[in-house]
Structures are given as C-alpha cells and as structure tokens.
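Subject: Structure for your review

Dear colleague,

Please find the structure below, together with its sequence. My notes on what was found in it follow directly after.

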Amino acid sequence: MDDHTLRVLEFDKVLALLAAETAFSAGRELALTVRPETDYAAVRALQEQTAEVRLLDRMGIDISFGGARDIRQLIQAASIGQSLEPTELVDASGTLKAAWRARGVIERLRDRVPVLAAIADEVSDFRRFGDAVEQSITSRGEVADGASDALATTRRELRIAQDRLEQRAHAALADAIRRGIAQEGLLTERNGRKVIPIKADYRGQIQGIVHDVSSSGATVFLEPMGVVDAGNQVRELQLAEDREVRRVLQRLTWLLGERHEDATRSVMALAKLDVLSAKARLARRLKAELPPAGDPDSWLRERGATILVRGRHPLLKGNVVPTDIDVGGEFPGVLITGPNTGGKTVALKTLGLLTLMAQAGMGIPCDEGSQLVVFERIYADIGDEQSIEQSLSTFSSHMRNITAILGKAGPSTLVLLDELGAGTDPTEGAALARAILETLLERGCTIVATTHHGELKAFAHNDPRLRNASVEFDLETLSPTYHLTIGLPGQSNAIAIARRLGLDEPVLRRASEQLAPEHFEMETLLGEIREERTIAAEARRREELAREESEELRRGLAERRDRIEQERAGILDAAHREAEDELAAIRREVDQVRRKAALRDFDPRAAEETLRSLDANLGRLHARAKVQRRDVETPPVARALAPGDAIHVRDIPQVGEALSGIGEDGRVEVQFGSLRMKVSVDRIAKVEARAGTAPVVMPQSALRPNVPMDIDLRGQRAEEALGNFEAYLDDAFRAGLPFVRIIHGKGTGALRAAIREALSGHPLVRKYESAAPNEGGEGVTVAVLAG
C-alpha cells in the first residue's frame, strides 16, 4: 500500500486508536504494524477473524488478558541459559497462563469460531512450568522454602544459627556494658557481621576483630571473638542458601528455555488475539456495523460498487455528520463540487480511510446496507503540500503527486483527488483536470474527485461514467451542512452569500449582468431539484419511521401472543394433570368394586353410593372441560361507529383512532400513531365515543358467538362435511377459541384426509395434529387457531 496515501489519509492515527484498545505491550506493538492487504482473499481472511471476535463480543464472551506481559526478551534470555529472576519467572508464568486460558475460552466455541481456534492452536501447554513457578516463588517474588528439600533444610539451619549468633552477640554487649567499655547499648552490623560499639580507649580490654571506626575516632565497632565462630557459620549457611536459590531459579529457567520456540509462538498468538479483541472493542466504540458478527462475506466485494451508508470518519469528534457515497460499478467516477469548508475533503477522506480500514481487517463505522470493494492500489492527492525549500507551489505539488499516480494507476485502483485543477489558470486547470479524469477512467480506475471548476460539472453530466455530487450550503446561516448529495452538482452561491453579507446592491447587479441568463436558469433549476429531493427524503424518513413503529408493534404483538400461548398451555397441562389424577382415583374405586364382586362381598347400598360418587366426579370433570365464557354486554344502541372514535383492538396495546365508519367489507380504517391499517370489526373489543357525542353501537356480528370446542362430522359426505367444517372454523375463530377438535372418525380415512388437506395452509389455522390416544387418536384432529 502506498505510504503517501496512508499518511495523507491519517491511517496511523487509526492505528493509534487501535493500539490504545490493546491489553499488553506485545499486542500494542503488533497493532501499530497493521497494514491494509491488497488481495481479496487476504482481506476476507482478516475480516473473518474480526467477524468471529465480534461474534464472541456479541455473545458476551470476553477473552481475558490479565497477567499478560511481553516476555519475548525473557524467553530469549532463558534460551541461552541466562538465569531469570523470581519476578521475571512470575511474569513469564502469568503470560503463558493467560494464553492458555484464552485458548480454553475459544476451544469451547471451536465450531462457531474456527479461524480464532486456528490462532489459539498456536498456544502451547506450559502448565507444568506454571505449576513449578507457583510452587517455588511466593507472592512477594521470593523463592519459597519448599522450592527444594535442600533449600528448606538450609534455611532451617540458618534460622537456628542466626538465633545462636544473636544470643552470643547480646551476651557480649551486656558484658561490655557491665564493664563500662561500651559506647552505647546498641547491637549493630558492619560488613554483614554482628559488632558492638566499644570506646576507643578500652579497645585492648576485649578480644575481637575491628570492622569499622566512627568518624570521630572515639568508637570502634568490634566483633568479639566469642561471636566470630557463630557469625562464620551464619555466613556459610547464607552462601549455601544463595547457591540453592540460584539452582532453583536455573531449574525453572531451564523449563522455559528448553521450549523457547513454543513459548514465543504462544506469546505472539496471545498478541494476535489481543489485537483482534482490540478491533472488536474499537468497532463497538465507533458504532461500526461492519463486519456483522460472524459474517465476513455479505458486504465485501472483489469488484463492483463501493456503497457507504451513513459512513462516519473515525477521527472526527462531536456530532459527526454521516456521509453517503456510491461509486464504482456502473459509475466508476464521482465529481464533488460545493463551497469551501463544506465537507468535500472530509467525504474524500472518509471513503479512503474506511476502505483502508476494511482492507486492514478493522470494523467500519457505517450502517447496514454498506458494501466495500477490495482495491489492489489506493492513491490520494489531498491537501496543500507546497514547499518553499523545494520551490513547489500548490499547483506544482498537486501535479507531482498526480504524475506519480498516473504512472501506477490501473484496474482495481481507487484514486482520490482533492481540488483537481486548482492553483493555476481556471481555463487551463479545467482542461487539465478533464484530461486527467478521462485518462484514469480509460485505465479502469475508480475515481472520487473534488473541484471548483464549473466546466467540469457539465463534463460529469455528459460523461456516462461520471456522476456529479455536491455538498449542501445553508444560505440562511451562511454555513455548510456537510451533507453529500449524489447526482446533483453544487450550486454557485457566491452572489447569494455576498448579498447576505451586505455587499452593495449596485455591485451585485453589475456582477449579475456579467453572467449569462443560462447561468441563472441552471441555478434556479438546481435549487428546485434540491428542494424536491429534500421533500422526497423527508417522506422516506417518515415512511421509515412508520415502518419501524409497525415492526415494533408487530414484535410486541408476537411476544404477547407467545406469552398467552404459554399461559394457555400451562393451564391446559394443569387441567389435564388434575383430570388424570381424578380419573385414576375413579379407576381405583372401580377396581375395588370389581374385586369385592369377584369375592361375592357385594353390598348393594355401598355400590349405589359408589356409583353416585362416580357420577358426581364425572360431572365435575365434564363441567371443568367446558369453556367458561363471560356474556358480552351489548352497548346501548345510539349511533354507528364514526371517524374520530377511539378504538380498542384485541391484541394491540395502543389505542387507535377511527378514520372511517364500517365499510362493506366489515372493516374499519384505524390510525395507530403513524401507522394506518384496516381492522375487522370482529377484532374490536371496545369503542369510546368522541366527547359530546352519543354512545356507539357495534353490529351483532362483532360479538363473539358461543361456539363449542368440537364438531362431529361422522356420517357426513366429504363435500357436506367440508362446508359445515368451514362455517364452524370461522365461528370458532371469531369466538376466540384457542383450538378446536374435529371428530371425523377413522373409517377408510377419506374424510380425515379431506379435512386435513383443508386445514393445511388454512389462514385461520396455525397447526394441527392427531388427538391423544385416550381422546380419539386418529379419529379426531386438533387444530390450533391463529391469533
């Protein structure tokens, strides 16, 4: 990828944002080396990694990098036999444990994230090393006593020797104090040896080794001979401890060094996962819709048109105005015109930078519906690079860059040109700009260019390969709106702006007289077209809002229906269980009567009492099986439903407003917020009359009929049965029954087949199935009704 393009599009600043999201230094270093790929397969592979890590992010699965450090230098030192310090071993162990944990997280979802799993497979198992470090190094970064048997023994002996030394040193100090030769009653150390402060005048009264003298010479620090042997023993044990500690550290270092290649691979795999996790976090922060979680294909193209829907420059702060761009495919070139500071260059940079981010495997801050093309080469000439030292003017610097671009551009090349033809004579600059555009188009390049030359607007309009685009300008506030409009050239607002700023009217009239009438006709036409497009865009926005409200209402109704269905199923299950329990009790009583009859122990009165009890139980079961309904009270008859009445529709939580009376089709047009729909009177649960008007009466057809839960079609011919069945199904639906039982018998199966064929695909039926064996089996079909 061209370094000049990466610099002018500020790709390095995006990498800085990415690096800031990483968890440890190796990942940060790797993030700063990310570069866009130029091959479609390579770009797709990068986006596949990002899509999978975004899938984990959406699932709420976090890869932890706690304890990770960049231990590559430690691994290198261990590989050449250099002993590591305890804290360095702890860092190495923590990093390799973090890598193994990350592998474990991904391993559990290998089928969902196979590309991440391939990266995680590069992590090796260093649990043996980690366990050894954990057992040998304490939390304070010191070698533990239990690191080896020899170290435990040495330290135990050292503690005993130190206690003995302390006792002898205190005894010698007490003796010196008693004899009056001690300078002070404090025991101290010099050169690692226990000494007592003795007055210099009494130096000869105690045998020992002098280790130091005070600056005044009045005090000598002497190690009494009775303490020397104990001090020597302590020193020997300290040296033995140091040797054993070194041996333990060398053993632990060897465990790491013998597998230095595996360890390095594990750290780099962890760094790769860190960068991918950083890409997911950055994409979430930028509100990037691409790549969708788990989807690297639907929006990425090898060739064709690049479409940005509400693309946002990732480096802009505050309330960023999104950009819509469509270039490539049928129209390989777009020419943007408009006022200065209107957003032309931002649109150019947004397209270029988002394309680079896509080809680097990063999330792209744009909305659903966008698609990006992979380019082999991307060139940009943006900004004023004039240089006094190099004797380069604005025009010269642009020409130098464009000359370099023309020397390399070809098919699969994206070229971004800012202020094309600027910095020189307008006539020659426009001619040169046109020639450059034609040359690039003939080479099969995709081009987006900005310009102020009016002649290029006509050129773009007449060339079928080019489209005009413009950034809008608000004449009321004299400020740009930053909205990019594809298909319209920019208007020349110079005279209008000058008038708003208070330039004398005679001057403005004189300027207008210099312009041809066609200029004003064109400006007026462009203004009218722009206004019509604004009105159309507002209409589309309202339509989209209505669609979203409708979809939200649909989801709410679906959730409510599911809850009702679950509650209904729960009630039925409870009723079935209760009925089965009571039937089991009845069967036990019947069996008891039969056993008594078999034993001839039969009491007629007791049998009669049992039969009465059974009849009562069966009656209760039969009553429970019936659907209980509340009678619907007919509202007072006063007037028919009329526009303006408040409508309460079953299964719709929002109150609607009637826009019409009841039509010939038995439906009423109702407004729910911004959503308008027709509702059958069968679904209207309640009508509230307008204030100051008489109550509303609904037709009797709107009331729910009293319909049984089953229909018996046995003995009827198929044609007659289907007619009765259709009428019954319609009544049952209007009555709000959740399901019905159709009794058709078993017989030859012809009637059953006809009924089930009619049920299949019926608009009032959600599903159907055979009844339970104890409820009729194949002789009864249970149909669950829609709604």
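Asp710 stands opposite Arg741 in β21. This pair belongs to the contact of β20 with strand β21 (residues 739–743), two strands that run parallel and are joined by 3 bridges. Please note that the model is a predicted one.

β20 and β21 are part of an open sheet of 4 strands, whose order is β20-β21-β23-β22 and whose pairing is mixed. Its edges are formed by β20 (710–712) and β22 (765–770), each of which pairs on one side only. On average, and with direction ignored, neighbouring strands of this sheet are turned by 20° against each other.

Helix α20 (residues 718–735) packs with helix α21 (residues 750–759) at an angle of about 40°, and their axes are 10 Å apart. The two helices are therefore oblique to each other, and α20 passes α21 in a right-handed crossing. On the side of α20, the contact is made by Ala718, Ala721, Leu722 and Phe725; α21 contributes Leu751, Ala754, Ile755, Ala758 and Leu759. The residues of this contact comprise 9 nonpolar, no polar and no charged.

A second open sheet also has 4 strands, in the order β1-β2-β4-β3, with antiparallel pairing. β1 (188–190) and β3 stand at its edges with a single partner strand each, so one side of each has no neighbour in the sheet. Neighbouring strands of this sheet are turned by 50° against each other on average, direction ignored. Helix α9 (residues 149–179) packs on the sheet and touches β2 (193–199) and β4, its direction making about 0° with that of β2. Helix α10 (residues 225–257) packs on the sheet as well, touching β2, β3 and β4; the direction of α10 makes about 70° with that of β4.

Within this sheet, strand β3 (residues 208–213) and strand β4 (residues 219–224) run antiparallel and are joined by 5 bridges. Ile209 stands opposite Glu223 in β4, and the bridge partner of Asp212 in β4 is Phe221. The hairpin of β3 and β4 has 5 residues between the strands, and Gly217 in this hairpin takes a positive phi near 80°.

Several backbone features lie in loops. Leu290 and Pro291 are joined by a cis peptide bond with an omega of about -5°; Pro291 is placed in the loop between α11 (260–285) and β5 (300–301). Which residues other than glycine have a positive phi? Glu10 is one of them, with phi near 60°, and its place is in the loop between α1 (3–8) and α2. Glu419 is another, with a positive phi of about 55°; Glu419 is located in the loop between β11 (413–417) and α14 (426–442).

Finally, a word on confidence. The protein chain has an average pLDDT of 82, and 83% of the residues score at least 70. Confidence is highest in helix α2 (residues 11–20), at a mean of 94, and lowest in helix α19 (residues 604–625), at 61. Over residues 386–392 the pLDDT is below 50, and this stretch has 7 contacts in the model beyond near neighbours in sequence. The pLDDT also stays under 50 over residues 700–704, for which the model has 13 contacts beyond four places in sequence.

With kind regards

Conventions:
Residues are numbered from 1 along each chain as its sequence is written. This is a predicted model: local features need pLDDT of at least 70, side-chain atom pairs count only at pLDDT 80 or more; totals for chains, interfaces and linings use all residues. Side-chain values use heavy atoms; hydrogens and water are left out. Axes are lines fitted to C-alpha atoms, for helices over the stretch in contact, and angles run from 0 to 180 degrees between N-to-C directions. Angles under 35 degrees count as roughly parallel, over 145 as roughly antiparallel, 65 to 115 as roughly perpendicular and the rest as oblique. A crossing is left-handed if the near helix is turned anticlockwise from the far one by less than a right angle, and right-handed if clockwise. Contact means heavy atoms within 4.5 Å. Ala, Val, Leu, Ile, Met, Phe, Trp, Tyr, Cys and Pro count as nonpolar, Asp, Glu, Lys and Arg as charged, and the others, Gly among them, as polar. Two strands pair if DSSP finds at least two bridges between them. pLDDT is the predictor's confidence in each residue, from 0 to 100.
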